[in-house]
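The sequence and model come next.

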Amino acid sequence: MKRLKVLAILSVVVIVLVIAGSIVQRVVQSKQYSRVHPKTGEVTEAVYGLGKVKSNRRYEVKLGVISTVRELYVNEGDIVKAGQNLVRIDSNVIFKAPFDGTVTMINNFEGETALPQSVILRMEDLKDRFIELSVEQEGALRIQKDQTARVSFESLRGEVLAGKVKAIFPKGDEFIADIEINNLSASILPGMTADVSIEIGKIKGTLVPLKALRNGTLTVDRDGRIQKVKVEVGLVDGLSAEIKNSDLQPSDEILVPKE
């Protein structure tokens, strides 16, 4: 009888210790993780890349024969009007601005010899700009004209500009997408770079927080048991990931590491 009482007491102690351990474990986890359930929603499929700002209108003074620059009427950075004199060469030919713009480069100064096909002077319309994006072949196959684009500049943290694809075409060994943006700030100049995402579709599926994924696995609390669940990841939009071919259940609690 005494032996049975001892065994009963030991059983109770073990149960208490297991429960206490489980409570301690959940308290520790609550400090390190937040818990979310899988949800059904839309994830945006996009092509990402680094784009460069360019001018739609650019004019360069080039010569077909060797010549000497006799007179410069402008300096780099000058704002010029259409018809304004830019440069005179030794044949007394004067090149004029074809449109309103800004002188962005002078390569040959007065008295210097300009070689054939070299650029003596360049001017650009800094108000009429677009973004040129070089994309991989797989992305180029799925990009179409008029698709929505999101553009952000590192210097403009938190501001995302809306644009659209105005053209997709090959250029040498590259595939180029030109992105049109309305109301682009005057502070954004040709040559600056921007992060670009082109939305190519939306898919509805099972979503989990992207930061919950570790090497294709999720840490899941299922019926009080913590376990690793291997998943197949589909589309990713920066915050969420689509989960395919998984046995995730709506009641599962996914452990998401806290920052």
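Which element gives the most residues to the lining of the largest pocket? Strand S15 does, with 5 residues.

## Model and confidence

This is a predicted model, in which local features need pLDDT of at least 70 and side-chain atom pairs count only at pLDDT 80 or more, while totals for chains, interfaces and linings use all residues. Residues are numbered from 1 along each chain as its sequence is written, and side-chain values use heavy atoms, with hydrogens and water left out.

The average pLDDT (the predictor's confidence in each residue, from 0 to 100) is 86 for the chain, and 87% of the residues score at least 70. Residues 16-30 fall below 50, and this stretch has 8 contacts in the model beyond near neighbours in sequence. A contact means heavy atoms within 4.5 Å. Where pLDDT is low, the predicted coordinates should not be read in detail.

## Largest pocket

The largest pocket has a volume of about 320 Å³. Its lining has 18 residues, and Val 151, Ser 152, Phe 153, Glu 154 and Asp 195 lie nearest the centre. S2, S12 and S15 are the elements that give two or more residues to this lining. By class, the lining holds 8 nonpolar, 5 polar and 5 charged residues.

A pocket is found on a 1 Å grid over the protein atoms alone, as an open set of points where a 1.4 Å probe fits, with protein on both sides within 12 Å along at least five of seven lines; lining residues have an atom within 4 Å of a point. Strands are DSSP runs (E, at least two residues), numbered from the N terminus.

Val 151 touches residues including Ile 131, Ile 179, Ala 194 and Asp 195.

Ala 194 is in strand S15.

Ser 118 is in the loop between strand S9 (113-114) and strand S10 (119-124). At 19% relative accessibility, Ser 118 also counts as buried. Beyond four places in sequence, Ser 118 is in contact with Val 61, Lys 62, Leu 63 and Asn 108.

Definitions and conventions. Helix = DSSP H or I, 4+ residues; strand = E, 2+ residues; numbered from the N terminus. Buried < 20%, exposed > 50% of the residue type's maximum accessible area, 1.4 Å probe, protein only. Points joined across faces, edges and corners; volume = space filled by probe spheres on them. Nonpolar A, V, L, I, M, F, W, Y, C, P; charged D, E, K, R; others polar.
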